[in-house]
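This report concerns the domain organisation of a protein chain and the contacts that join its parts. Please consult the sequence and the structure shown here while reading.

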Amino acid sequence: TLQWETLGRQFVEYEQVAPYLIPEEQQRRLLDFLPLFLKAWEQSAGIIVFPNIQLLASEVSKLLTKEIKRKINGKPAEEARLALEQLLQQKGEVEDGRLLLKSVYLLSQTDLRTVWNIIGSGLPAALMQCLYLFFTSPLTKTSDDGETNEDDTQTQEMLVKIMLNMYREEQGVEELLAADKLQSLIIATASLWDQCSHSWKVPTGRVLRAISKAQTKTSIVYLQAVDCIKIAIQNLFKLSDTLPACDVCEAASIVLCFVKDSYPISSALLTEFENNDGYQLLLKILLRCEGLQQNEGDPYLDEILDMLTCLTICGKTELKVSGNIVHPQLPHFDFERARSSGMTVKNLQAFQVLQSIFQKSNDQYLCGRILAAIGTIWAWDTVNFFLLEWTLQPINQFTDIIHFKPHPVQVQFFRLVESIVLDLSYVPHEILKKVQYLIKENIVPFCTLTALRCLLSMTKKDLLFSDIFRDSGLLGLLLALLRKQAKILRKSAGTHLVGLEEGTEKELNAVMLKMVAALTVRSVRNT
């Protein structure tokens with residue numbers, strides 16, 4: 001406490017004499033004060049007890065901004081980056097830049113009013129210029145292959161932390177627009193991803209995502225005025241032909257963040273995205289991701305799929321659809337009561353991308369993610385099932401191709417079909433007809449078995465299914481199939497048939513018997 005009191009008095013003295021000093025002397029006095037401030041901070045376990053902290057933050061940030069501008073103004077990119085590194089790292093005799101950076105780093109983690117003072121110093125725009133230089137101008141001397149020394153890493157961490165603390169505030173985002181570098185950086189991520197600094201890719205992504213979450217009306221108008229999303233999409237189309245799929249995902253996810261996060265404030269960036277074939281770009285990128293998840297997985301692929309799922313409910317007007325509810329239905333089904341949360345599908349274009357991926361890909365991970373996304377959309381609002389099935393008919397169409405998909409996808413798909421009855425209390429007659437046709441054709445025995453288990457689960461839920469599956473001809477079909485199997489078993493009495501008494505065929509016979517039992521156990525007419 002005594003140390004902080006002494007420091008407080010010293011800073012008051014500095015404040016009193018500063019207006020009468022020449023700028024160089026004023027700067028020197030502030031730089032002489034900072035080592036004492038940092039030492040006090042280290043000795044008090046990171047707790048700052050300093051009454052004039054906001055004024056100190058303002059002074060230090062202004063000086064750091066001034067030094068950054070002095071180092072980079074009028075220099076070519078590579079030279080400016082080198083000058084920045086010399087300023088901010090512990091190199092050579094003078095450590096003024098490092099001192100300023102470390103002080104701002106500590107001050108940016110104190111309280112919100114102090115962060116606002118840092119924002120007001122012009123530092124948001126200056127650091128955006130720094131980030132642009134670090135990202136777009138890889139240093140040739142180390143070929144920037146991702147190997148950085150401890151000093152580089154510390155500098156990077158401090159810079160990124162300061163930027164995250166400033167840019168998560170709306171004022172910080174509005175201030176950085178003065179640098180006119182935000183759109184340049186977004187476009188650079190979409191065009192120079194393979195040529196940029198390897199060690200700055202992840203930090204740049206983190207900073208841009210923070211800015212995206214704090215977007216304002218002003219920043220959206222700014223990005224729209226310079227066709228930022230349009231140019232980024234055009235560049236990503238070119239990259240998507242040459243770069244590895246995981247790299248394209250990483251670059252595209254940043255652009256998509258700005259589109260999704262801006263929507264609650266303004267639909268401008270989403271409209272720009274849609275008008276410039278944004279959905280076709282996503283479809284192209286996602287279809288290139290087949291086989292990507294086999295080894296280590298890709299978080300950016302997941303992020304794009306999650307954002308795309310969110311975009312399905314982004315739209316100004318509710319979908320006007322009217323479908324025909326076929327009877328009989330379960331007694332507690334009430335379509336009018338299904339309208340609830342307001343999180344309804346309004347953007348069929350976004351959903352069509354998800355649907356197209358399932359139809360065009362047989363990749364287990366991708367198909368599984370699409371089915372999970374559909375389950376999520378239904379969970380947001382039960383009316384979404386009807387909005388989708390009465391327009392794009394995803395589940396209806398998927399039933400035609402499900403036997404081509406990997407076994408785990410088939411299992412997941414029929415669980416989803418089952419949930420229509422178990423969770424929505426709705427009987428999807430059209431879909432059930434197609435499932436029954438799958439059982440009849442028996443093209444892939446595993447698929448037939450999974451489909452039959454799904455129908456067995458429904459039959460156990462309500463007695464109504466005993467009537468539905470009799471009238472649809474399923475009971476007759478199963479009896480015919482069982483008679484055929486009985487004949488085969490009688491003919492082969494005493495001999496061992498490979499494939500019949502073991503594996504899927506044996507299970508199929510058992511489930512057919514269970515299904516017939518379930519259909520007859522409580523139905524006199526069926527018996």
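The text below treats the domains, one interface and the aromatic pairs of a predicted model.

**Domains**

**Interface of domain 2 and domain 3**

Twelve residues of domain 2 and 14 residues of domain 3 take part in the contact. Together the two domains bury about 1200 Å², and carbon and sulfur atoms account for 75% of this area. The interface of domain 2 and domain 3 contains zero salt bridges, while five residue pairs, both members at pLDDT 80 or more, are in polar contact across it.

On the side of domain 2 that touches domain 3, at least two residues come from each of helix H18 (348-360), helix H19 (364-380) and helix H20 (383-389). By residue class, that side of domain 2 comprises eight nonpolar, three polar and one charged.

**Aromatic pairs**

The model holds 22 aromatic pairs. One of them joins Phe134 and Trp200, whose rings are 4.8 Å apart centre to centre with 5 degrees between the planes. This pair counts as stacked, because its planes are under 30 degrees apart. Phe134 belongs to helix H7 (residues 123-136), whereas Trp200 sits in the loop between helix H10 (182-191) and helix H11 (201-213); the pair therefore ties together parts 66 residues apart in sequence.

Technical notes: Residues numbered from 1 in each chain as written. Predicted model: local features only at pLDDT ≥ 70, side-chain atom pairs only at ≥ 80, totals over all residues. Heavy atoms only, no water. Contact = heavy atoms within 4.5 Å. Buried area = accessible area lost by both parts, 1.4 Å probe. Salt bridge = Lys/Arg side-chain N within 4 Å of Asp/Glu carboxyl O. Polar contact = N/O pair within 3.5 Å; in protein donor to acceptor, adjacent residues only side chain to side chain. Helix = DSSP H or I, 4+ residues; strand = E, 2+ residues; numbered from the N terminus. Nonpolar A, V, L, I, M, F, W, Y, C, P; charged D, E, K, R; others polar. Phe/Tyr/Trp six-rings, centres within 6.5 Å; stacked < 30°, edge-to-face > 60°.
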